[in-house]
Amino acid sequence: MRHSVNRPPTPDAAEDEEKEPTLQEIINIKLIESGEKERLMELLRERLTECGWKDEMKALCRAFIKKKGRNNVTVDDLVHVITPKGRASVPDPVKADLLQRIRTFLNSVI
Amino acid sequence: MSASREDNTSPDAQLSSHFFGDLLDSIIVDIASECHRIAKLGLDRNLEDEEEELRRSTQARVRAADPSNSGETNSKYVVDIFGQTHPAVANEIFDCMNCGRSIMAGRFAPHLEKCMGKGRKARLKAARSSTTAQNRYSRGSPASTYSPYSNSTSTNRLSNGSTGVAGEDLSNGTSEEP
């Protein structure tokens with residue numbers, strides 16, 4: 001059989017097993033499997049809606065859409081518009097509460 | 001990565017922050033996706049209305065600023081959504097069902113005013129010919145009572161016609177005949 005010199009070797013199943021999942025990945029899996037990630041997400045969503053953060057983000061989106069014209073906007077554009085402001089404007093108590101819950105979970109799992 | 005259980009150690013804090021950021025990013029994508037959907041489907045009424053208003057006001061400003069446009073000529077050249085132009089006064093001709101004359105559609109309303117008795121001449125005519133109180137315009141026949149109003153009525157049928165009626169109602173209170 002002729003092998004092309006430039007073609008990389010087909011990865012074997014054995015090779016995949018050598019890569020160990022990182023701690024992050026392990027915890028992520030545990031978060032999802034236990035349902036905690038879903039609960040935390042719902043909690044965060046609720047908190048952010050209550051304090052008006054979601055409305056602020058929607059207003060930013062609408063302003064951007066009005067400026068650019070609604071047929072020229074992609075989801076990606078909107079994500080880039082609200083991510084910096086969004087991350088910076090989460091109220092401190094909300095952030096602290098969620099971080100605390102995550103830490104509690106981490107401690108219970110490790 | 002250390003498996004320390006202390007809250008102050010940075011890897012642990014980093015980890016929590018990482019997951020918090022993860023949750024936040026998902027929520028942000030959801031919001032962006034929702035706004036995108038609303039915009040694309042045109043569900044945001046405010047957005048459309050504002051756009052439409054903006055467009056119309058700029059159009060109106062252009063029209064107003066243009067000195068070559070006068071009100072009358074403008075209406076002749078306005079085009080409707082089917083691309084048709086219409087003359088300022090409707091020009092179809094038909095027969096009046098009251099008096100039987102041939103009337104132009106655009107002049108029908110003022111014609112009816114005279115013909116059916118809202119105008120001064122018709123009122124006087126009706127008052128003289130019918131002695132009963134059935135005709136509501138026959139209340140007061142002397143023209144002198146109405147002279148301040150009826151003068152203006154005869155010159156301009158359309159806008160002062162209503163003033164004439166109002167004046168008539170006022171003076172009727174005093175000069176009503178049984």
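In this predicted model, B:Asp25 forms a salt bridge with A:Arg87, and their closest N and O atoms lie 3.0 Å apart. A salt bridge here is a side-chain nitrogen of Lys or Arg within 4 Å of a carboxyl oxygen of Asp or Glu. Between chain A and chain B the count is four salt bridges.

The side of chain A that touches chain B draws at least two residues from each of helix H2 (23–34), helix H3 (36–50), helix H4 (53–68), helix H5 (75–88) and helix H6 (92–109); helices are DSSP runs (H or I) of at least four residues, and strands (E) of at least two, numbered from the N terminus. H4(A) gives the largest share, eight residues. In all, 38 residues of chain A are in contact (heavy atoms within 4.5 Å) with 35 residues of chain B. The two chains bury about 3,600 Å² between them, 70% of it on carbon and sulfur atoms; this buried area is the accessible area (1.4 Å probe) lost on putting the two parts together, summed over both.

Turning to chain B, its secondary structure comes to seven helices and two strands, which run α-α-α-β-β-α-α-α-α from the N terminus on.

Residues are numbered from 1 along each chain as its sequence is written, and chains are lettered from A and ligands numbered from 1 in the order in which they are written. Local features need pLDDT of at least 70 and side-chain atom pairs pLDDT 80 or more, while totals for chains, interfaces and linings use all residues, and side-chain values use heavy atoms, with hydrogens and water left out.
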